[in-house]
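This report describes a protein model from its overall dimensions down to individual residues. The sequence and structure are shown first.

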There are 2 protein chains.
Amino acid sequence: MADFELIKYLHTPAETKIVHLILDGLGGLPRELDGKTELEAANTPNLDALAARSQLGLAVPVRPGVTPGSGPAHLSLFGYDPLEYDVGRGVLAALGIGFDLHPEDVAARGNFCTVDESGLITDRRAGRIPTEFGQKLTALLREIELPSIQAYVETVKEYRFVLVLRPTAGQTLYADIADTDPQRTGVPSLPAVAEDEASEATAQLANDWIAAARAILRDHEPANSLNLRGFAKDPGFPKFPDVYGLRAAAIATYPMYKGVAKLVGMDVVPVDGEALEDEVEALRACWDEYDYFFFHVKKTDSAGEDGDFERKAEVIEHVDEAVVPAIMDLGPDVLIVTGDHSTPAALKSHSWHPVPTLLWSRVGSWDGMEEFGERACGRGSLGVFPASDEMQLALGYALRLNKYGA
Amino acid sequence: MADFELIKYLHTPAETKIVHLILDGLGGLPRELDGKTELEAANTPNLDALAARSQLGLAVPVRPGVTPGSGPAHLSLFGYDPLEYDVGRGVLAALGIGFDLHPEDVAARGNFCTVDESGLITDRRAGRIPTEFGQKLTALLREIELPSIQAYVETVKEYRFVLVLRPTAGQTLYADIADTDPQRTGVPSLPAVAEDEASEATAQLANDWIAAARAILRDHEPANSLNLRGFAKDPGFPKFPDVYGLRAAAIATYPMYKGVAKLVGMDVVPVDGEALEDEVEALRACWDEYDYFFFHVKKTDSAGEDGDFERKAEVIEHVDEAVVPAIMDLGPDVLIVTGDHSTPAALKSHSWHPVPTLLWSRVGSWDGMEEFGERACGRGSLGVFPASDEMQLALGYALRLNKYGA
């Protein structure tokens, strides 16, 4: 029995509420100054007090030593092993910009590129044109018409865009189509080749669109051509509310995280603003309607990516002050505080380091640690565990699983 | 995706260097005197200083509670789960004596035994004849000729030997052949029976060889017969350099460890002498040519097997003085110090106890423990983990894995 089958079989209705507070890129590395990480250096009286009455541990996002992107890392927190539940790059790109992807759509990532007179690629990223230029070009590409297909084109950033093909009723598109990007310069682009018979018609549509697009781009150097890759459809994962028996709300301000939540079937609730206080307000507003709350904090990751140790610590302090007490005031039954992965300021990037994690529950044990930090979590009673176990733990601690066996 | 597939997909070239320092049988048990293990009792200022800036944990060699042999234990350290990557006993025996096994060879373990006049086995180990007597007998058995097959016979120790059948070009041998040893006395030996059709010709060759050998041994009581078991071929495992993208060097002085390293495709570099200092010299000599270094220390295990607590502690002290600083002077990016299994002096044998492990890296966290020992490792942030995760961790900490997913 896969664990999803087990959980579906065991879960039982209850009045309890679970909050999953995700500080994006929470985990950090010690600085030379005092050997403290961002989380350890931050002044967090509320999290520290909670830690004393919680169990602590270190969560492994995907696999030991493996650095995850945001998509796989969040799937793992939601209990979907990202190596088993694979989301195509095109779908992730569409989710990342908040595109309202339908199950029947085929999405692909696009790059504007530069080609010479004989059609050989000279720059795969079109000299990294500014986003504004990219937006001007995608506006032109929206004019392309395909028979009985809607083609959506959306700028991501600079030379990157997303193409979404949406069929009309009765038609089915397939996405087993090879990349047109040869991944090197000095060679021509490849055609969009179907990798199975079912995908042949869709590949032909893609090639028609590409031909029309290249005709439009011809005089727009350095973005005088384009390539598509990562053709994919919504993978149709088991839905979070069905698997866990939870009415699930996602509270996030960035498109990527709303997109992943939508992909697993959570309700994305509206947040009026981008501040932590706005997210807290959204949590309060929907508290009575849901059992599970995915609460996403973006700015820890952004500060880590910028290599700004102090700012990352300050974001954590802000969460400690503005979010943690507000959540506890609502009276949850389980609160998990963690990250989707580490983003140490020292590395200025996502990393593989396991993520400090706190599990508080009305029926939980207490490790009695005096603070919430990497070192305390490294000695905690949750041990080093797969992040994909968190949902199952949360259900148990929320008294939402029946006994297995007599 | 199996983890080998994942790692093959993610690994990326880098200039970083990884040292895997294996103290064979490192783990120990506390003595009554002061409750310290061999590692804790040893005076190890260098390892202790390193521990303060490292992550510690306890590695489970194969499975909880399971005591591994040297072959499986090392395969696990190299990332090959020994339950999945099974090496036949015949191959392990050939590797153990440093035999240059070819991929097309079939190897079997042999035992001299004693039989009575009616051919019933009276002693399965021929009264444990001395090694010299065994060597005299194997010399006689080398005279046996088989049509278009080369048969190699090598003494292991006392009544034990290895038989290797090597085909001529164009011929293929198969090794699904049952043991001839009935594992008890008072019964006759069994014939070498093929367990599939492909192995029938090879089984016939083995029976021909056995008949010729028994004719030669007839008057050499108590070794007047023999049995073969564990027929096997090189299992053709995925190669370490391909899986991990690492140029890998093995530095070891005992045949067994060189053999296992060769089995997974490492280069076994020459060591001029048997002392730790000679191994360090070999490490220095090949430092620029490789990315990964398996550095094997044998004598911790030998002392443990002898039940000599003090000597085992002294070997550890010698490693601390002569090996650890020399490695750090070379400027590695990742150093893992561990053992393949435990060999507590108190047990005088390999054991199942998880193995103290230290992971130091330029981009690692610090547990801040004050010493390298079983108790400190039991509280470390690596937790209790499968030894087969070490390579994946090493690659992560050596910045040799791309991000998984966007």
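**Overall fold**

The model is predicted. Chain A contains 15 helices and 13 strands. Along the principal axes, the C-alpha atoms of chain A fill a box of roughly 70 × 55 × 40 Å.

Of the residues of chain A, 56% count as buried. When contacts between residues at least 6 apart in sequence are considered, 74% of them in chain A join residues at least 24 apart. The accessible surface of this chain is about 16,200 Å², and carbon and sulfur atoms account for 47% of that area. Chain A carries 36 positive and 63 negative charges, whose mean positions are 2 Å apart.

**Aromatic pairs**

Over all chains, the count of aromatic pairs comes to 31. One of them is the edge-to-face pair of B:Phe78 and B:Phe294, with 5.0 Å from centre to centre and 75° between the planes. B:Phe78 belongs to the loop between helix H4 (70-77) and helix H5 (89-96) of chain B, whereas B:Phe294 is part of strand S10 (residues 292-297), so the pair ties together parts that are 216 residues apart in sequence. B:Phe78 is buried, because its relative accessible area of 0% is under 20%. B:Phe294 also counts as buried, at 0% relative accessibility.

A stacked geometry is found for B:Trp287 and B:Phe293, with 4.6 Å between the centres and 10° between the planes. B:Trp287 is buried at 7% relative accessibility, and B:Phe293 is buried at 0%.

In chain A, ring pairs link a cluster that consists of A:Phe4, A:Phe78, A:Tyr80, A:Tyr85, A:Phe237, A:Phe240, A:Tyr244, A:Tyr292 and A:Phe294.

**Two buried loop residues**

A:Thr343 is located in the loop between strand S11 (334-338) and strand S12 (355-361) of chain A. Its relative accessible area is 0%, and A:Thr343 is therefore buried. Leaving aside residues up to four places away in sequence, A:Thr343 touches A:Gly25, A:Gly27, A:Glu38, A:Asp301, A:Gly304, A:Glu305, A:Lys312, A:Ser349 and A:His350.

B:Val62 lies in the loop between strand S2 (55-60) and H4 of chain B. With 11% relative accessibility, B:Val62 counts as buried. Its contacts, again without residues up to four places away in sequence, are B:Pro68, B:Pro72, B:Pro82 and B:Leu83. The C-alpha atoms of B:Val62 and B:Ser76 are 6.7 Å apart in space, while the two residues are 14 apart in sequence.

**Backbone geometry**

A cis peptide bond joins A:Glu221 and A:Pro222, and another cis bond joins B:Glu221 and B:Pro222. A:Pro222 is placed in the loop between helix H7 (200-217) and strand S7 (225-232) of chain A. B:Pro222 is placed in the loop between helix H7 (200-217) and strand S7 (225-232) of chain B.

Positive phi values occur at A:Gln183 and at B:Gln183, although neither residue is a glycine. A:Gln183 lies in the loop between strand S6 (160-167) and H7 of chain A, and is partly exposed with a relative accessible area of 43%. B:Gln183 is found in the loop between strand S6 (160-167) and H7 of chain B, and counts as partly exposed at 44%.

| Site | Angle |
|---|---|
| A:Glu221 and A:Pro222 | omega about 5° |
| B:Glu221 and B:Pro222 | omega about 5° |
| A:Gln183 | phi about 65° |
| B:Gln183 | phi about 65° |

Key:
Residues are numbered from 1 along each chain as its sequence is written. Chains are lettered from A and ligands numbered from 1 in the order in which they are written. This is a predicted model: local features need pLDDT of at least 70, side-chain atom pairs count only at pLDDT 80 or more; totals for chains, interfaces and linings use all residues. Side-chain values use heavy atoms; hydrogens and water are left out. Helices (H or I, at least four residues) and strands (E, at least two) are DSSP runs, numbered from the N terminus. Buried means under 20% relative accessible area, exposed over 50%, partly exposed in between (1.4 Å probe, protein chains only). Contact means heavy atoms within 4.5 Å. Accessible areas come from the Shrake-Rupley method with a 1.4 Å probe; for residues, only the protein chains shown count as cover. Lys and Arg count as positive and Asp and Glu as negative; His and the chain ends are not counted. The place of a charge is taken as NZ of Lys, CZ of Arg, CG of Asp or CD of Glu. Rings of Phe, Tyr and Trp (its six-membered ring) pair if their centres lie within 6.5 Å; planes under 30 degrees apart count as stacked, over 60 as edge-to-face and the rest as tilted.
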